[in-house]
Amino acid sequence: MQDTLVKNLRDDLVGRSLDLFGWFNVKTIAFSGVDNMSMDIDEMVPTMVPSFLVDQETVQCVLMQADVNETERVMVIEYNQEDGTYLGKAFIYKEDVAYEQVGDESWK
């Protein structure tokens, strides 16, 4: 399960980074480890809160960060309710939600 989650987070980081920066502009992507944490929505930077979290108070998060071309920090965060129910994912760049995915929908 954990291996699949890490692979999915890496795939999401690569895919969204290529979308954001352009395929020819991405030379390297260096991944960090996976972090798990509980977050209170009202304590988050407002621009980092995906639209699907507006009705939530506290969520469980799994996140992975990466450095693109050694200069740009990006992260993908998977959000779950406290009971483990999957809510969605967000791709964060410069403390802003660049893309989000709810359920099985495609990234927007």
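**Salt bridges and aromatic contacts**

Lys7 is partly exposed, with a relative accessible area of 49%. The model examined here is predicted. Asp11, the salt-bridge partner of Lys7, is likewise described as partly exposed, at a relative accessible area of 41%. The closest N and O atoms of the two residues are 2.6 Å apart. Both residues belong to helix 1 (residues 2-21), and because they are four residues apart there, about one helical turn separates them. Across the whole structure, the search finds five salt bridges.

A further salt bridge joins the side chains of Asp12 and Lys89, with an N to O distance of 2.6 Å. Asp12 lies in helix 1 and Lys89 in strand 4 (residues 86-93), so this pair ties together parts that are 77 residues apart in sequence. Asp12 has a relative accessible area of 10% and is buried. Lys89 also counts as buried, at 9% relative accessibility, because the limit for a buried residue is under 20%.

Another of the salt bridges is formed by Glu105 and Lys108, whose closest N and O atoms are 3.2 Å apart. Glu105 is partly exposed, with a relative accessible area of 39%. Lys108 has a relative accessible area of 61% and is exposed, since exposed residues are those over 50%.

Strand 4 also takes part in strand pairing. Its partner is strand 5 (residues 96-102), and the two run in the antiparallel sense over six bridges. Within this pairing, Ala90 has Glu100 in strand 5 as its bridge partner. The hairpin of strand 4 and strand 5 has two residues between the strands, and Lys94 in this hairpin takes a positive phi near 50°.

Four aromatic pairs occur in the structure. One of them, between Phe21 and Tyr93, is edge-to-face, with 5.2 Å from centre to centre and 90° between the planes. This pair links distant parts of the chain, as Phe21 is in helix 1 and Tyr93 is in strand 4, 72 residues apart. Tyr93 is buried, with a relative accessible area of 17%. A second aromatic pair, Phe91 and Tyr99, is tilted: the centres are 5.9 Å apart and the planes are at 55°. Phe91 and Tyr99 are both buried. The ring of Tyr99 has a further contact, in that the charged end of Arg16 sits over it, 5.9 Å from the ring centre.

How values were computed
Residues are numbered from 1 along each chain as its sequence is written. This is a predicted model: local features need pLDDT of at least 70, side-chain atom pairs count only at pLDDT 80 or more; totals for chains, interfaces and linings use all residues. Side-chain values use heavy atoms; hydrogens and water are left out. A salt bridge is a side-chain nitrogen of Lys or Arg within 4 Å of a carboxyl oxygen of Asp or Glu. Buried means under 20% relative accessible area, exposed over 50%, partly exposed in between (1.4 Å probe, protein chains only). Two strands pair if DSSP finds at least two bridges between them. Rings of Phe, Tyr and Trp (its six-membered ring) pair if their centres lie within 6.5 Å; planes under 30 degrees apart count as stacked, over 60 as edge-to-face and the rest as tilted. A charge sits over a ring if NZ of Lys or CZ of Arg is within 6 Å of the ring centre and within 35 degrees of the ring normal.
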